[in-house]
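Me: I've just opened this one and I'd like to learn how to read it. Could you walk me through it, one feature at a time?

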Amino acid sequence: MKRREFVKNGLLATSGVVMVHSVSGCVNTEKLPSGLEEIYSKFQNPPVDSHVYVRWWWNGNRLAKEEILRELDVMKTAGIGGVEINPIAFPGDTDPVGYKALTIFEDDWLEMLKTALNGARSRGLVCDLIVGSGWPFGGEFLKKEEQSQMVTIETIDLQKGKKYRFKINELLNRVDPDLHSKHKNVYKDLLMVRLLPKNTNEFTEGKDLMDNINDGLLTVDVSEDDVVLYYVVKLSGYMAVINGAPGAAGPVLNHYSKPATEAYLNRISGLITSKIGNMGDHIRAMFCDSMELEGANWNDDLPDEFEKRRGYALLPYLPFVLKKVGHMGNPLDEVYGTVFPDHVVDLLKRVEIDFYLTRIELFKERFIDTFNHWCHQNGVKSRMQAYGRGMHPLEASMEIDIPECETWLFKDVGREYPDTGLKGRAPRMCNKYVSSGAVLAGKQIVSCEEITNTEMAFMATLENIKVAGDQSNISGVNHSILHGFNYSPLDAKFPGWIRYGAYFNERNTWWPHFRKWADYKARISCLLQNATPQANVAILQPLTDLWLKMGPQRDPFPEKWYPDYQNNLWEAIHQNGGGCDYVSENIIKKSTFEAGKMNFGERSYSTLLLPEIETLDVETTKALVAFSDAGGKIVFMGKVPFKSASYDNAKSTDEKVDQLIKQLLDSRKGNVLQYPVPNGNVIGWFGKLQDDLGLKPYVRFNKTHKYLNQASYLVQGNPVFFIANSSLSEHISVEAEFEAEADLYPWVWDLESGKRMRYPHSKNKRSIRLELPGATSIMIVFEKDAKGNMFRTFDFSKNGKAITGQWELQLFHMNGDERRLKLGTLTDLIEMDETKNFAGEVIYEKTIILDEDNYQHLDLGDVQGISTLFVNGKSMGTRWYGAHIYDIGGSLKKGDNKLTITLTTVVGNYLKGLKDNQVAQNWTRHQDYYPMGILGPVRLV
């Protein structure tokens with residue numbers, strides 16, 4: 001039976017919520033309001049820009065036209081809507097099987113690009129193109145002044161009464177940061193040398209020793225107390241492009257230089273347009289990947305720009321605001337240099353903030369704005385992961401046409417979810433910043449590099465991928481760029497050319513089922529791209545305090561954050577049925593305040609949370625007063641601000657902030673309060689705060705759960721709720737009461753079939769019961785229609801008839817081997833030596849004898865893999881996640897009944913057994929075997 005016939009007649013795993021039609025096979029005929037009808041029509045058949053795209057790695061640029069077109073056909077058939085063409089270094093330990101490496105932007109490579117662009121367009125697929133190759137981009141052709149620059153320091157403790165001679169070359173050689181991606185040719189320039197006392201009670205610049213250098217030798221005579229030699233070195237071209245393809249490897253670009261950025265970008269557009277024509281006729285967006293700049297912080301005019309913008313000179317303080325750096329530009333965690341008193345440390349911290357803010361401004365003006373202008377000039381959109389050191393994590397995304405974040409797949413996703421931290425979370429900390437920036441700027445699309453997978457490649461199931469993707473949508477994402485699809489010709493040795501990814505590839509065992517998830521995801525994106533996220537709470541994250549205490553962090557993997565629940569506060573708001581956005585101090589200062597609301601553009605908030613903020617700008621503090629005067633609720637969590645980060649008139653500005661905050665708290669209006677911080681249970685903490693403040697959630701659950709989350713939207717004024725259980729194993733049963741108008745009724749918009757059905761509700765139309773097995777989700781839309789086909793949920797409390805005894809198995813290995821087994825008891829196949837390295841399809845067969853035929857459902861219990869059920873030769877459909885429960889009503893008979901279950905496993909267990917396959921071992925040797933098989937218990941209900 002075809003899938004659509006199964007959906008029509010059988011039990012629906014509606015986005016994982018197991019339900020059945022009460023009126024079999026009927027589709028609601030009530031006419032929707034025109035706006036909602038148009039959106040529902042798109043939801044049924046999502047447009048191409050709602051479908052998942054893939055990062056298409058052109059491995060080593062070893063390309064052939066026929067293979068490009070073949071792979072486009074594979075992706076099109078799988079429900080993929082577009083590609084991001086991404087030339088990248090050829091993976092190691094991989095046989096190129098005779099394919100020549102082409103050089104990016106040379107004529108033969110451009111011919112391949114033309115083939116891909118034209119081939120995609122003729123197939124109705126969308127194309128994006130990465131700028132350059134790898135990340136951050138650069139190239140062998142860059143001049144010294146166009147290459148990334150970092151100024152850093154080295155210190156040497158010197159003892160009194162000694163005379164030292166240092167060779168300058170040796171001093172420069174000591175400055176060799178342990179970076180992730182070192183470039184082999186590094187230019188090193190000595191910018192300054194100073195001598196300071198080891199201990200001092202006041203700030204001192206130290207003694208300038210540049211004149212002590214003669215003939216490449218520095219002489220230092222230490223006559224009195226112990227001292228510290230500081231020297232500042234500028235490194236140019238120190239970082240190599242990570243995984244750059246031929247022609248775009250080499251040193252990274254200097255993003256703080258507008259001329260260098262313009263030259264780089266114009267070179268690309270000139271080469272493309274000369275061969276292909278107007279970029280906008282072929283390409284949707286040019287993409288800028290991760291800004292992992294490994295400490296880049298300099299351009300030669302930065303001191304002048306600093307003084308112009310901040311009003312004082314940087315150079316006296318420069319050695320003391322710089323850090324020794326290591327991997328990924330992270331500051332080294334060690335003690336060095338002069339010991340300054342607290343008031344001097346405070347002064348230097350303020351300079352350090354000004355230094356960082358200057359770099360943020362320059363990066364925006366010279367790179368982001370230049371990149372945007374170049375994209376628009378060439379008729380394409382800008383798409384960028386605009387976060388990391390040197391960018392404001394929220395405001396940078398507001399400048400980009402299609403801002404992008406990252407969602408990773410780790411083994412702990414769906415299995416763990418501690419109260420605080422990032423463990424068990426697929427979305428990275430940057431996601432909420434990016435999605436908030438996007439909605440504040442009125443962007444329609446929040447893009448995501450999704451299912452980035454380096455930890456369990458080849459072991460990822462579609463169920464794992466779904467759980468991570470659902471979490472991604474909850475974080476504000478509404479379009480997915482999968483990470484990724486490897487260009488890999490059929491004659492490449494199995495498993496092919498693998499750069500990264502979850503093995504989105506036609507050689508994967510579960511690839512025939514991939515479209516089920518792709519269509520599911522397309523419907524989510526379609527609806528959310530036409531919806532407005534609801535938020536009544538704004539969060540001002542303590543970025544300035546984080547930078548002061550711990551320094552700017554690397555995204556998407558910060559080493560430190562402040563406070564410890566920083567990333568969990570937004571989650572708790574959503575888990576309690578609410579909605580929130582992050583805001584910045586600039587957003588608050590530019591907002592208007594009236595009738596108890598803070599308004600910025602189309603966004604409006606009744607409540608502002610300030611988690612343990614100590615430092616605020618004076619103008620931000622004044623804006624808080626205005627918000628309070630307008631009746632807005634302000635919650636200082638734990639601490640209250642008492643200082644600014646201002647260098648100028650530090651004492652008076654600190655006092656002004658402190659005074660204004662005290663006035664706010666002393667006003668006793670009831671809408672400004674200091675509230676205790678969470679102590680572990682952030683979900684419970686916010687639930688209490690929500691009740692104490694009288695905040696109305698958009699949906700109220702009768703009980704919260706760490707794995708239960710939701711995001712609420714408005715579509716044409718109709719409330720919409722995406723609700724997900726992100727546990728792989730825990731069943732969640734809750735009562736949900738929604739905030740909706742009295743004349744609206746809950747409908748399920750089925751994310752798999754595209755159908756819409758009335759959801760059963762209590763007398764109060766806004767209250768429903770949700771049964772959410774592990775890894776399940778549901779989309780509920782409130783509509784005015786009162787009539788329509790109803791769903792009824794499966795009764796999980798029912799006892800059933802256990803099916804025990806022997807099963808016969810046929811194993812069809814992906815390598816062509818076949819074998820038969822008999823199992824007395826259902827078990828995990830990795831527990832048996834003869835099957836632990838299996839990958840492919842397992843057919844379970846069993847004949848059961850029944851005295852009665854009135855059973856309605858077959859529950860397979862714990863299933864590790866994708867199951868397809870046949871009863872007496874009749875297909876009952878497929879389950880690829882959640883509860884593997886099938887509607888078998890009318891399919892059984894008294895007497896003998898044959899059950900046939902086809903189980904599709906992961907591919908990774910097979911790769912673990914390929915000991916002579918270097919690619920397979922590189923990816924799986926440190927991975928555990930992944931469970932596979934039908935584990936049961938199997939029962940009739």
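Me: How does the end-to-end span of helix 13 fit its 16 residues?

Reply: Helices (H or I, at least four residues) and strands (E, at least two) are DSSP runs, numbered from the N terminus. The expected span of a helix is 1.5 Å times one less than its number of residues. For helix 13, residues 514-529, that gives 22 Å, and the end C-alpha atoms are 22 Å apart, which agrees. By the way, this is a predicted model, where local features need pLDDT of at least 70 and side-chain atom pairs count only at pLDDT 80 or more, while totals for chains, interfaces and linings use all residues. Residues are numbered from 1 along each chain as its sequence is written, and side-chain values use heavy atoms, with hydrogens and water left out.

Me: Is helix 13 mostly covered or mostly open?

Reply: Buried means under 20% relative accessible area, exposed over 50%, and partly exposed in between (1.4 Å probe, protein chains only). Helix 13 is mostly covered, with 13 of its 16 residues buried.

Me: Which residues of helix 19 are buried, and what covers them?

Reply: Among the buried ones are Trp 685, Phe 686 and Leu 689. Contact means heavy atoms within 4.5 Å, and the cover includes helix 15 (569-575) and strand 24 (607-611). Just after helix 19, Gly 694 takes a positive phi of about 70 degrees.

Me: How do I read the sheet with the order 36-47-40-44?

Reply: Two strands pair if DSSP finds at least two bridges between them. Here 4 strands make an open sheet with antiparallel pairing. Strand 36 (801-802) and strand 44 (885-887) are at the edges with a single partner strand each, so one side of each has no neighbour in the sheet. Strand 36 is joined to strand 47 (residues 939-940) by 2 bridges, and Lys 801 stands opposite Leu 940.

Me: What about aromatic rings: how are Phe 367 and Phe 371 arranged?

Reply: Rings of Phe, Tyr and Trp (its six-membered ring) pair if their centres lie within 6.5 Å; planes under 30 degrees apart count as stacked, over 60 as edge-to-face and the rest as tilted. The structure holds 51 aromatic pairs. The Phe 367 and Phe 371 rings have centres 5.9 Å apart and planes at 5 degrees, so the pair is stacked. Both residues, Phe 367 and Phe 371, are buried.

Me: Why are Phe 367 and Phe 371 separated by about one helical turn?

Reply: An α-helix has 3.6 residues a turn, so residues three or four places apart point the same way. Phe 367 and Phe 371 are 4 residues apart in helix 9 (residues 342-377), which means about one helical turn between them.
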